[in-house]
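Good morning, colleagues. I would like to present one structure today; please look at the sequence and the coordinates on the screen.

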Amino acid sequence: MYFRVKRTGTYAYLQIVESFREQGQVHQRVLSTVGRLDVLQASGQLETLLRSGLRFCEKLAVIDAHAAGQTEPVQVQRVGPDLVFSRLWESLQLGTIIQRALQARRFEFDVERAVYLTVLHRLFASGSDRAAERWREAYRLPGTEALELHHLYRAMAFLGKPLEDHPGTRVLNTPRCTKDWIEEELFDQRRDLFSAIDLVFFDTTSVYFEGEGGQELGQYGKSKDHRPDLKQMVVGLALDLHGWPLCCELWPGNTADVTTLLPVVQRLRQRFRVRRVSLVADRGMISASTIAALESEALDCAYILGARMRSVKEVSERVLADRGRYEEITPERQTAKDPSPLKVKEVVIEGRRYIVCLNEEQRRKDAADRKAIVAHLEKQLKRGDKDLIGNKGYRKYLQVAAGEHFTIDEAKVQAEARYDGKWVLQTNLTDEPKLIALAYKELWMVEDLFRTMKSALETRPIYHQRDETIRGHVFCSFLALLLRRALEQRLEENGESWEWAEILRGLDNLQEVEAVFQGKHFILRSQVLGQAHKAFMAAGVALPPTLREKP
């Protein structure tokens, strides 16, 4: 049965109608005409009628009473984060793997739940472990109710503890730890009998410390955060071809990027027991000795490496001077959502294979930016040149003239035009140039994840004072990225488009209120906001009912 509005002339009448099936046909019959709708609404009779009927429908009566403030709230909990990510946690078997790692240890608290709490906190609020303990109070996270701050610290130390049965596996002064064993177990879930990591995207970043930064990890070095005054560590992240995080590596802060590449290849082959690794890395990793080692019989590693265009003479003078024709891979944009334009050409010099990539859109932008800088320089030189040398953007276009004054170096201006919109790759793969270029462009996935780790997941600043807890702290950010990628992959399989911030907002705002009405306890669920419904569908989790009675 349902209400229906029947119009007769200028008036609308409210009717109670029943649907029924007769001889395979659906029919309706009017049970009663309640009255004119405008009169019922104006007099308040309709509201009185509906409220009277609520006495015979307990669930609607509870909702109505709660909206009117006539229930007694017992507690309010945010439930969205656990509902979705606990399912993903189970599907990745993270709980099972951590429990296996704990077999030889005895803790008086649930370490797996402590790790789960920390990882979930990194996804939704981030900050220190102290903040995670306070954050938990507003959320329903089964099994974490009895955890205290010192439990979270001890869980971090457990993840970063060196494994006693592998004392000789230190690479770049980094021991094999519990977290490494967990990464290997996660990889084993997805391996097959003929596993080879076809393509690994690898990059590094620096993360600074507020304090000393542990016994070995905290060292002064080249800071990518522009904080050379603070000790730091170097964090390396490896992803597979599908953007799936494979492992994270941690080294002392004075470790040069170029020295990390070979140990990573060795560790990948050792830890994951794979036949072959194909590596994609940025230009900071490249050197002649590194390339020779990658091509040696011992490593036999395929690679795609970004080349330094300005500082490597062979690249600047011979590769970029090549007159070969470009092949267009992606045309000029027609709309803002189209992929950026791309042209490529292959240059081989004495057996060394280079791929020159050109983005015409970026070339025009680089030329316009340089033109604006030079025009501004000309104005500044007329006023005085004392402050110009401190600006790196200006300095490379200046030369010292007579009387120790600066003038614009036209030769440098012309030389810079050779690099507009270009980047150069060096590789030993035999694939087509366009495949090499497109594979290298995917390196942005690592850079994007680093931005997520350092901002959204607040891997920094780190206050821990022991290497073990520092490793565990960073590894929890790695696990948070793993959960994020697991959800994104399911969304992609469903053909969904999404905004990560909207998913988090929707899940974080999903609440359940426990209220008492007429001596009974009821659980009321809030409205689903943002794109949380997509996350529930992708994770295969049913939304809780709007109202249910608590047993």
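This is a predicted model: local features need pLDDT of at least 70, side-chain atom pairs count only at pLDDT 80 or more; totals for chains, interfaces and linings use all residues.

I begin with the cores. The largest nonpolar core holds 86 residues, of which F85, V115 and L487 touch the most other members. Helix α18, residues 467-493, gives the most to this core, contributing 13 residues. What surrounds V115, leaving aside neighbours within four places in sequence? V115 is in contact with W89, I98, A155, L159, C476 and L479. There is also a second, separate core of 25 residues, and V234, F272, L294 and C301 are among its members.

I turn to the sheet. Three strands form an open sheet in the order β1-β2-β3, with antiparallel pairing. Strands β1 (2-8) and β3 (25-36) each have a single partner strand, so one side of each is left without a neighbour in the sheet. From one strand to the next, the twist averages 40°. Between β2, residues 11-22, and β3 there are 10 bridges, and L14 stands opposite G35 in β3.

Finally, the salt bridges, of which the count is 30. R176 and E184 meet at 2.4 Å, N to O, and both residues are buried. R352 and E314 form another, with their closest N and O atoms 2.6 Å apart. Because R352 lies in strand β12 and E314 in helix α12, this pair ties together parts that are 38 residues apart in sequence. R352 is partly exposed at 29% relative accessibility, whereas E314 is buried at 17%.

Conventions: Residues are numbered from 1 along each chain as its sequence is written. Side-chain values use heavy atoms; hydrogens and water are left out. A nonpolar core is a set of buried Ala, Val, Leu, Ile, Met, Phe, Trp, Tyr and Cys residues joined through side-chain atoms within 4.5 Å. Buried means under 20% relative accessible area, exposed over 50%, partly exposed in between (1.4 Å probe, protein chains only). Helices (H or I, at least four residues) and strands (E, at least two) are DSSP runs, numbered from the N terminus. Contact means heavy atoms within 4.5 Å. Two strands pair if DSSP finds at least two bridges between them. Axes are lines fitted to C-alpha atoms, for helices over the stretch in contact, and angles run from 0 to 180 degrees between N-to-C directions. A salt bridge is a side-chain nitrogen of Lys or Arg within 4 Å of a carboxyl oxygen of Asp or Glu.
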